[in-house]
Amino acid sequence: MVSSFPRQSSWSRPEGGMRFRARRVIVKARVVKLRGGKSQAAYAHLRYLQRDGATLEGERGQLYSANLDRANGSAFLGRGQDDLHQFRLIVAPEDGTELGDLRDFTRHLMEQMEHDLETQLDWVAVDHHNTGHPHSHVVIRGVTDDGKILNIAGDYIAHGIRHRASEIATLELGPQSEWEVQQRLGREVEQDRFTRLDRAVLQEVNDQGLVDLRIGEEQSYLGRANRALLIGRLKRLERMGLARQEDPACWSLSGRLERTLREMGERGDIIKTMHRAMTEQGLARDPRSYVIHRGADRQPPAVGRVIGKGLAGDELTGRLHLVIDGADGRVHYAEMSEAAGDEIAVGSIVEVGRVKAPPRPADRNIAELARDNGGLYEPAVHLAAARESLRIPDGNQEGYVEAHVRRLEALRRAGLVERLDAGHWRVPHDFEDRARGYDSRRGGQLGVRMLSLIDLEAQVTANAATWLDRELVAQAPAPLRDSGFGREAREALARRRQWLMAEGLARETDAGLVYQRGMLTALAQREVREAGGKLGREHGLTFRMVESGERVSGTYRQSVQLVSGKYALVERSKEFTLVPWRPVIEKALGQQVTGLVRGSGISWDMGRKRGLGIGM
């Protein structure tokens with residue numbers, strides 16, 4: 001293992017007032033650990049970096065490298081499939097607009113980094129000109145030119161790269177005049193975010209915890225040179241409740257100053273992102289209708305159409321943002337991982353809100369044993385079954401059953417089950433649903449669920465089970481406001497009803513519109529039959545439809561996303577079938593699988609024994 005640390009003598013941090021004369025460049029860096037092989041997250045990240053509208057001409061961003069204007073991202077990631085990590089940079093010159101094409105600037109910076117690190121670097125970059133602040137994304141492999149592991153000193157990542165970039169920008173455009181510096185700092189006085197002036201204010205705090213800007217008091221160079229600007233900023237902070245004037249030109253600061261300003265800046269950036277997405281779609285909404293879903297979300301679930309998608313935050317976090325025109329008349333902002341949002345596109349219909357907790361294997365075990373025992377769960381019976389199994393973790397049967405009992409005790413305190421005595425628990429028939437609902441309420445984490453890959457217009461005549469169809473037969477359909485996406489959805493539902501009647505899947509009666517029994521299943525089967533025939537012709541295989549109650553076995557080859565849902569392609573000999581996909585089967589890609597088709601679902605047999613499911 002080799003770590004390349006640039007010599008401190010090869011670069012030095014700017015001293016004193018020089019940093020206010022040099023051209024300012026913001027550099028953000030992140031070291032990303034890779035999972036080996038073809039990291040889907042790494043591929044997804046490069047795809048999002050090359051999103052539409054990123055170039056000066058508004059076209060799709062193009063990767064480039066040291067020698068190529070059109071670099072191959074797949075080849076770059078292929079070379080790094082065994083790498084342990086990547087370095088990801090965002091380089092944003094304050095005068096990026098004046099620099100124009102950022103490629104020469106980025107290449108010059110990478111050459112300087114190679115000199116400092118004493119190794120050639122394997123990298124690709126893409127420039128973004130669509131945010132008002134031109135910047136470059138650079139992805140660097142974590143290896144040296146002789147194939148050893150590359151580690152970069154934290155001090156160089158934090159300061160050295162930015163200093164080198166500033167030198168290059170200053171050499172290209174010349175140093176800033178004092179007037180330019182003062183103009184830029186002056187614009188920060190009224191900003192609702194954490195600024196350079198705020199950082200300077202914090203540096204002026206004395207031993208008494210005060211910022212004393214009275215003439216004659218000891219101050220830093222920055223404090224002396226920009227006293228009027230700092231006083232103006234402190235007055236602004238005072239109006240925001242983040243500072244208090246104790247004496248003339250003397251303030252105390254709130255302990256939450258930096259955190260509050262950073263949160264305000266982040267919220268401001270999100271609102272700009274939402275407004276930009278609305279403008280690009282030619283839509284207008286009252287900013288008071290904007291809803292930001294974050295963290296432990298407490299907002300009610302909302303359904304809507306995706307009108308904006310891109311990298312979230314500082315674009316280094318590996319997360320995406322979605323802007324959603326809600327059926328409730330509001331505009332929603334949500335974030336998710338790049339991998340989770342890979343299939344969602346602008347125009348997709350989604351639901352944003354608290355994630356429904358996944359089913360627990362322990363709850364399934366409890367429910368199965370209770371159903372076989374008249375609604376009673378008995379730890380002794382479970383222990384006897386566990387002792388017959390060879391699949392209990394560590395062979396600790398007593399501890400395994402005790403974990404189920406602790407789960408029941410927690411649910412008893414929530415009023416979901418009843419303990420009759422130490423050896424008997426009364427379990428309701430809908431126990432699994434109740435337990436899952438309990439976990440969902442406690443978790444409260446934000447999630448985005450895909451409802452439809454295709455937009456409303458395509459759904460109206462789609463020969464498939466669409467979101468519109470599910471809404472038409474739902475007992476509690478999504479509430480639709482008579483404006484925006486809500487109005488469009490209402491109109492699309494009316495047109496879909498007419499299409500269903502023309503197809504013989506619905507009919508008018510004196511009591512209203514009646515839908516054919518099993519309409520959703522019939523529509524899904526139409527799409528599966530059509531998709532199966534097409535796949536069969538492409539792969540030279542025979543497609544076979546399966547019926548409810550039929551057992552399916554074969555090799556799980558791939559997942560297939562249809563309008564009606566996601567399906568698993570199971571191949572056997574020269575024929576194949578499409579059956580409903582479930583997350584559990586993905587672990588068996590390329591392996592033999594067996595399942596029992598039940599209506600519109602399937603129960604996969606992954607070696608499970610009754611009451612002894614492990615991690616399914």
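1. A helix crossing is called left-handed if the near helix is turned anticlockwise from the far one by less than a right angle, and right-handed if clockwise. In this predicted model, the crossing of helices α5 and α6 is right-handed. The two helices comprise residues 103-117 and residues 154-173 respectively, and their axes come within 10 Å and cross at roughly 130°. Angles of 65 to 115 degrees count as roughly perpendicular and those over 145 as roughly antiparallel, and α5 and α6 are therefore oblique to each other.

2. The contact between these helices can be described residue by residue. On the α5 side, Phe 105, His 108, Leu 109, Gln 112, Met 113, Asp 116 and Leu 117 take part, and they meet Tyr 156, Ile 161, Arg 164, Ala 165, Ile 168 and Ala 169 of α6. Sorted by class, the contact of α5 with α6 has nine nonpolar residues, along with two polar and two charged ones.

3. An open sheet of four strands has the order β1-β2-β4-β3, and its pairing is antiparallel. The edge strands are β1 (25-33) and β3, each of which pairs on one side only, and the twist averages 15° from one strand to the next. Within this sheet, β2 and β4 run antiparallel and are joined by six bridges; the bridge partner of Val 91 is Ser 136 in β4.

4. Two helices are placed across strands of this sheet. Helix α6 lies across β1 and β2, running at about 140° to β1, whereas helix α2 lies across β2, β3 and β4, running at about 155° to β4.

5. How many of the 10 residues of α2 (residues 40-49) are buried? Seven of them are, so the helix is largely enclosed by the rest of the structure. The buried residues are Ala 42, Tyr 43, Ala 44, His 45, Leu 46, Tyr 48 and Leu 49. Their packing partners include the strands β2 (85-93), β3 (123-128) and β4 (135-141), and also helix α3 (73-79) and the strands β9 and β10 (319-326).

6. Strand β9 (residues 302-311), one of the elements against which the buried residues of α2 pack, is joined by four bridges to strand β12 (residues 349-354), and these two strands run antiparallel. In this pairing Ala 302 stands opposite Val 352 of β12. Strand β12 also pairs in the antiparallel sense with strand β16 (residues 446-452), over six bridges, and here Ile 349 has Ser 452 in β16 as its bridge partner.

How values were computed:
Residues are numbered from 1 along each chain as its sequence is written. This is a predicted model: local features need pLDDT of at least 70, side-chain atom pairs count only at pLDDT 80 or more; totals for chains, interfaces and linings use all residues. Side-chain values use heavy atoms; hydrogens and water are left out. Two strands pair if DSSP finds at least two bridges between them. Axes are lines fitted to C-alpha atoms, for helices over the stretch in contact, and angles run from 0 to 180 degrees between N-to-C directions. Angles under 35 degrees count as roughly parallel, over 145 as roughly antiparallel, 65 to 115 as roughly perpendicular and the rest as oblique. Contact means heavy atoms within 4.5 Å. Ala, Val, Leu, Ile, Met, Phe, Trp, Tyr, Cys and Pro count as nonpolar, Asp, Glu, Lys and Arg as charged, and the others, Gly among them, as polar. Buried means under 20% relative accessible area, exposed over 50%, partly exposed in between (1.4 Å probe, protein chains only).
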